[in-house]
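Welcome! Please take a look at the structure below, and then we will walk through some of its parts together.

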Amino acid sequence: MASEIDNAPVIATRRDEAMGFFQRMVSKGLGWARKYSLFTYPFATACCGMEFMSVAASRYDIARFGAEFPRFSPRQADLLMVVGTINLKQAPILKRVYEQMTEPKWVVAFGVCASSGGFYDNYAVLQGIDRIIPVDVYIPGCPPRPEQVLDGLMLLQDKIGRQVHRIADKGEPNATAAQHNLLASMNK
Ligand code: SF4
């Protein structure tokens, strides 16, 4: 049964409405700027790395989408591209890289190995990076075609554009309890 608080009418003053308007404008502006200035950290471990290079090269030219600058320090990156197979020994390293990245940040699982372990259905391979970090976009394929990668990037840009942005972002909790438990068990 709904509580009395749930039934109480919400009173929005004109000041609240005005603040809401300005916050919406700021959020929209920040979203627009952030989605067209992604700084990618490519966590490339396997054959999908070739396809990542292809997307960055002149034929497909990821620069058209404002995401052409790879950053090899996580502190300067806001898009983590996990490209290739992640085995259990690499999982804590991937998690640390994610935690070191600047806020707000997004994650793309590039190819089936990063998304679900792919055909490496065995004890040594992480069966999807979403077991340890949150993922925003999954790109299927083994390896994915560059067009699929660009499609995934546009999906992410659309998602970023619709998110709420603040000038000072405190960030979300990085991992769920299940993700922490899995990492703890790996470290034993
Ligand atoms: S998805 Fe296929 S191409 Fe990509 S890393 Fe796995 S096996 Fe290699």
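Predicted model: local features only at pLDDT ≥ 70, side-chain atom pairs only at ≥ 80, totals over all residues.

Residues are numbered from 1 along each chain as its sequence is written.

**Around the ligand**
- The residues around the ligand include Cys-47, Cys-48, Cys-113 and Cys-142.
- This shell has 7 nonpolar, 4 polar and no charged residues (Ala, Val, Leu, Ile, Met, Phe, Trp, Tyr, Cys and Pro count as nonpolar, Asp, Glu, Lys and Arg as charged, and the others, Gly among them, as polar).

**Two helices**
- The axes of α3 and α6 come within 9 Å and cross at roughly 75° (axes are lines fitted to C-alpha atoms, for helices over the stretch in contact, and angles run from 0 to 180 degrees between N-to-C directions; helices are DSSP runs of H or I with at least four residues, strands are runs of E with at least two, and both are numbered from the N terminus).
- This makes α3 roughly perpendicular to α6 (the term covers angles of 65 to 115 degrees).
- Glu-51, Ser-54 and Val-55 of α3 meet Pro-146, Val-149 and Leu-150 of α6 in this contact (contact means C-beta atoms, placed from the backbone, within 7 Å).

**Phe-65**
- Phe-65 sits in the loop between α3 and β2.
- Leaving out residues up to four places away in sequence, Phe-65 touches Leu-150, Leu-153 and Gln-157.
- Phe-65 and Leu-150 are 85 residues apart in sequence, with 8.5 Å between their C-alpha atoms.

How values were computed
Near = placed C-beta within 6 Å. Parallel < 35°, antiparallel > 145°, perpendicular 65-115°, else oblique. Contact = placed C-beta atoms within 7 Å.
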